[in-house]
Amino acid sequence: IDTLPKPAKTRVITVSNQKGGVGKTTSTVNLAAGLARNGARVLVIDLDPQGNASTALGVEHRAETASVYDVVVGESAIADVLQKSPEFDQLFCVPSTIHLAGAEIELVSLVAREQRLRTALETFLQVTEAEDRRFDYVFIDCPPSLGLLTINAFVAAQEVLIPIQCEYYALEGLSQLLRNIQLIEKHLNPVLTVSTILLTMYDGRTNLSQQVAADVREHFPKEVLTTMIPRSVRISEAPGYGQTVISYDTNSPGSVSYLEAAAELAHRGAPN
Ligand code: ADP
Ligand code: MG
């Protein structure tokens, strides 16, 4: 276990890409676990009605469980719905339940509908800081759409991390995502920056993977992490056991790559 540098203030990172199946959830939980294993205090907010991050982190998320829905649509505090990960002492999760599926519509009629998560998170971070339980990282796992839930995630964060699958059409739709992020930056959250791009499901044996990785690096030389996440069966098996790959199979290439990516994220620090 190497101790990673701690950020001067909490880094709130939204993991987003409007494509499904590109590794958003997998990257969220495994980067979070990689950081938590090496001494950081980390919160994952599951903002996808599918609840895949909650499943992968092994936390309760049956319909009746207090969840992110109660924070974003209701009036609950994050502290009231938070659960500790069974894997790592320093890792916590705000679960998502099926109720969140209705939130996109329910949010429309609420006051300050774009700021609901930010307001709740600011309060939570102030309280934890005052009580000497400061979080180093907050990751927000987004659904594969650009609706009000994703907007709430963008408004609550300082950074966006975009996972890109090393596959066909990887860059397709990316310019739309970047335009949307610019709109948020202009109108709702001036500090928002795309700080990090993570190449996922890389298969070095195929020309296609190599080509996609080279293209993405050419377009985003500053943002792309050196570490790439390989395609690995162990990574896809882990959620079935309610585990991250970091504890499911610590020495597997997938786990090692997420630990390296987490270390890179920590060493690069927050963008200015
Ligand atoms: P998203 O959250 O963007 O929809 P997921 O993280 O859920 O994407 O990943 C989609 C699917 O691909 C899941 O079944 C996941 O287990 C699998 N997967 C993700 N990353 C890898 C990887 N590096 N190697 C193999 N399978 C992966
Ligand atoms: Mg997902």
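Biologist: How many strands does the open sheet have, and in what order do they lie?

Modeller: In this predicted model, the open sheet has seven strands, in the order β3-β4-β2-β5-β1-β6-β7, with mixed pairing. A strand at the edge pairs on one side only, and here the edge strands are β3 (83-84) and β7 (193-200).

Biologist: Which strands pair with β6, and in what sense?

Modeller: β6 covers residues 159-165 and pairs with β7 in the parallel sense over seven bridges. Strand β1 (residues 11-15) also runs parallel to β6, joined to it by three bridges.

Biologist: Can we go down to single residues? What is the bridge partner of Thr 14 in β6?

Modeller: Thr 14 has Val 160 as its bridge partner in β6. Val 160 in turn stands opposite Val 194 in β7. Further along, Ile 162 is partnered by Ile 197 of β7.

Biologist: How should I read the two faces of a strand?

Modeller: Start from the general idea: in a regular strand the side chains alternate between the two faces of the sheet. Now take β6. On one side are Glu 159, Leu 161, Pro 163 and Gln 165, and on the other are Val 160, Ile 162 and Ile 164. Every one of these residues is buried, and both faces of β6 are covered.

Biologist: And β7, is that strand enclosed or open?

Modeller: β7 is an edge strand, yet seven of its eight residues are buried, so β7 is largely enclosed by the rest of the structure. For β6, the count is seven of seven residues buried.

Biologist: Let's step back to the whole chain. What does the secondary structure come to?

Modeller: The protein chain has 12 helices and seven strands. Its C-alpha atoms fill a box of roughly 50 × 40 × 35 Å along the principal axes. Of the 272 residues, 48% count as buried.

Biologist: What does the radius of gyration tell me?

Modeller: The idea is to compare the chain with a compact globule. For 272 residues, such a globule would have a radius of gyration near 19 Å, and the protein chain has 17 Å, which agrees.

Biologist: Which residues come nearest to ligand 1?

Modeller: There are 18 residues around ligand 1, and Lys 24, Thr 25, Thr 26, Ile 235 and Ser 236 come nearest. By element, α1 (24-37) and α10 (233-237) each supply at least two residues of the shell. The largest share, three residues, comes from α1.

Biologist: How do I read a positive phi?

Modeller: Most residues other than glycine have a negative phi. That gives you something to check a backbone against. Here, Ala 112 has a phi near 50 degrees; Ala 112 is found in the loop between α5 (103-108) and α6 (116-130). Asp 132, with a phi near 65 degrees, is also a residue other than glycine with a positive value. Asp 132 is found in the loop between α6 and β5 (137-141).

Biologist: Are those two residues buried or exposed?

Modeller: Counting neighbours settles that. Ala 112 counts as exposed because it has 9 C-beta neighbours inside 10 Å. Asp 132 is exposed as well, with 6 other C-beta atoms within 10 Å.

Biologist: What about a residue in between, such as Ser 76?

Modeller: Ser 76 has 17 C-beta neighbours inside 10 Å, so it counts as partly exposed. Its place is in the loop between α3 (68-72) and α4 (78-81).

Biologist: Which residues is Ser 76 in contact with, leaving aside its neighbours within four places in sequence?

Modeller: Those contacts are Ala 66, Asp 70, Val 71 and Val 81.

Key:
Residues numbered from 1 in each chain as written. Chains lettered and ligands numbered in written order. Predicted model: local features only at pLDDT ≥ 70, side-chain atom pairs only at ≥ 80, totals over all residues. Near = placed C-beta within 6 Å. Helix = DSSP H or I, 4+ residues; strand = E, 2+ residues; numbered from the N terminus. Rg over C-alpha atoms; globule rule 2.2 N^0.38 Å. Buried ≥ 20, exposed ≤ 12 C-beta atoms within 10 Å, placed from the backbone. Pairing = 2+ DSSP bridges. Contact = placed C-beta atoms within 7 Å.
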